[in-house]
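Here's a quick tour for anyone new to reading protein models. Take a look at the picture first, and then we'll walk through it topic by topic.

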Amino acid sequence: MLGYIVRRLMSAFLVVVLTSMFVFLLFFKGPSNPAEPLCNLNGKCTPEKLAILTEQLGYNDSVVHQYGIYVGGFFHDRTISFGPKYHCDAPCLGISFRTRNEVTSELVEKFPATLSIAVGGASIYLTLGVLLGTLAARRRGTLLDRSLVTFSVTVSAVPYYVIALMVWIYVSLQWKLIEDTSYHPITSDPLHWATGLALPWAVIGLTSSTAYARYSRGQMIETLGEDYVRTAVAKGVSERGVVIRHALRAAIVPIITIFGLDFAFLLTGTIFTEVIFQIDGVGKWAIQALRSPVDFPVVSATVLFGAVIIVLANLIVDLLYAVIDPRVRLA
Amino acid sequence: MTLTASNLESHGDDHFVDAEEDERSGKVDVEGRSPLRLAWARFRKDKLSMAALVVTTLFALMAISSPILKRLGVIDPYTPHQDLLDYATGNYPKGFGGGMSWSHPLGVEPGLGRDVLSRLMYGATLSLTIALSAALITVAIGTILGIIAGFTGGIVDSAVGRLIDLTLSFPATLMLLALSGVVVDRMTDLGVPAGATVNGLYIVIVLSAFGWPPIARLIRGQVLSIREREFVDAAILMGASRRRIYFKEILPNLWAPLLVYFTLLMPAYVSAEAALSYLGVGIKNPTPTLGNVLGGALEYAYTDFFFFFVPAAVIAAIVISFNLLGDGARDALDPKAGR
């Protein structure tokens, strides 16, 4: 077990390192003129100004050298200068071209909103999806089962942003049921936090729950057909006991895997949700950074941050497997 | 030739194929049936799948015919019809249902007055072309890497495995957006015509670049078991080249999962194009795609509901029919999968 964890940690670390290299290379070598967005920000961009900025940002140095400086910034403070000098505390992800703030502190500021959306939405779709899927599997072939499948096919066919936008237009703008959709920190006002995010939660929860319902229905049908379930029924375990303790316990393992990765993707930025409901989270921040002129430090930070989250989620899911599924033995 | 391997295997399941019933009732079917024909027989029995096949075929025909119709002047996605708009209401189309008439069966756009049906038809052509090319490239990359990794094993296998991990570790949506500026710039420098061509090509490239890992994994798994089969040993002993083994010996055994995967990728990519278009990546107005027609209609979701509803419904119909087709193909090709 310990050997497995160590090996798994090492490979996760390797992936993170490779990702950071790729992201750095992409935004360092990728744009034909990387200093130009910054140059365009303050007045007219003259060739001299561009040349100075290119030099200051290190685009004339080698990639390896600059990558070294970039990685160094994770561990100790850096001074970054383009025009004026900026101090950047460790862990440093650069200075935003647009706001001239430290990218790390902006990330820390935006993340709670995304985290709140993700946690709320994910708990709704996981509970609802597994519940509906289990019900449909038990009453296979009934009206409930068939309408669930039809509904889920339909909902997953309509682009997510259309649904979110419709909900926002009708519930929030037209019927004025919940007018304020915005993020308020849970620490300052828990009630406002919940009402502000209720709509995004509902939209994420309902749209994604259909996929989970379909998936857990399939898993439950499979496990309900297993011999040990029949054994449990034969020895007189109640139906509820069989479904919950025997079948669901086994069926939930693959669901948890998928859930882990889905949740990680939510954490990397609920882009559509944040843009539509106007919530200041990581996703909206990334989109704004991509608007011309591109804010390269922010964009690369969001991508790198997302990659780290995904790698971590993979790691946690793999380790959880060993705990929740007694059949998994790690060699 | 009565008992082919597939016949033997499918004896496990009860009543799917009429050939088996013939055999049980004593009639011996002399004619051998290929797995493809067996699958087709199963597929034809499923009404929902057949309906999906008809609908997808219609969409495909529409996509093929609309460039021709556009050239012939039957559909015209670009000409504005200001005369059909009511200036007093803020340039909303006059009349019922967003200005429906015989010459404009689905009405005209508010604001510019371009024909909605023409834009949708021509847009479907572009969207489906993008989805088709991206799906083909995705499947091709995934298949080639999957076969090579599965067959070669060892260091090549783990290299491909790491590449898969790496690709999957990028937040996909964010990457598709983040790359757009950089890649489109570079492609324009390379001489790709700016505008719709470069933006469409970009979507195809990035969707395939981030879409191949799952299929590579799937194919690798299949190849691991296929490579242990005798016919592969025989080919190796006869001195067949690597390429022959990959493409003539192994690949023909993989077409069933590939077909299913391909059919399910199409709708995913149609929605992806629509979603990216909403965030401002991809082919932009005035060139119509399903994504940007819908994107342009969103702001009228409340004021001109019909104009908004039609593109949303067309996208949903395409996605549903392709998904059902893929599900049907999977059930037909792999009867053990069950529903």
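Let's start with one residue: if you skip its neighbours within four places in sequence, A:Ser20 is in contact with A:Tyr67 and A:Leu304. You'll find A:Ser20 in helix H1 of chain A, which covers residues 2-29. Keep in mind that this is a predicted model.

**Buried or exposed?**

- A:Ser20 counts as buried because its relative accessibility is 6%, and the cut-off for buried is under 20%.

**How confident is the prediction?**

- Chain A has an average pLDDT of 84, and 98% of its residues score at least 70.
- Within chain A, confidence is highest in helix H5 (residues 103-138), with a mean of 91.
- At the other end is helix H2 (residues 36-41) of chain A, where confidence is lowest, with a mean of 75.

**Where chain A meets chain B**

- How many residues of chain A are in contact with chain B? There are 42 of them, and they touch 34 residues of chain B.

**What the chain A side is made of**

- Several helices of chain A each bring at least two residues to the side that touches chain B: H1, H6 (143-157), H7 (160-174), H11 (271-276), H12 (282-290) and H13 (296-324).
- H1 of chain A gives the largest share of that side, with nine residues.
- Sort the residues of that side by type and you get 31 nonpolar, eight polar and three charged.

**Polar links across the interface**

- Polar contacts do turn up: two residue pairs are in polar contact between chain A and chain B, with both at pLDDT 80 or more.

**A look at chain B**

- Chain B contains 13 helices and two strands.
- Of the 339 residues in chain B, 46% are buried.
- Take the contacts in chain B with a separation of 6 or more: 70% of them are between residues 24 or more positions apart.

Definitions and conventions: Residues numbered from 1 in each chain as written. Chains lettered and ligands numbered in written order. Predicted model: local features only at pLDDT ≥ 70, side-chain atom pairs only at ≥ 80, totals over all residues. Heavy atoms only, no water. pLDDT = per-residue confidence, 0-100. Helix = DSSP H or I, 4+ residues; strand = E, 2+ residues; numbered from the N terminus. Buried < 20%, exposed > 50% of the residue type's maximum accessible area, 1.4 Å probe, protein only. Contact = heavy atoms within 4.5 Å. Polar contact = N/O pair within 3.5 Å; in protein donor to acceptor, adjacent residues only side chain to side chain. Nonpolar A, V, L, I, M, F, W, Y, C, P; charged D, E, K, R; others polar.
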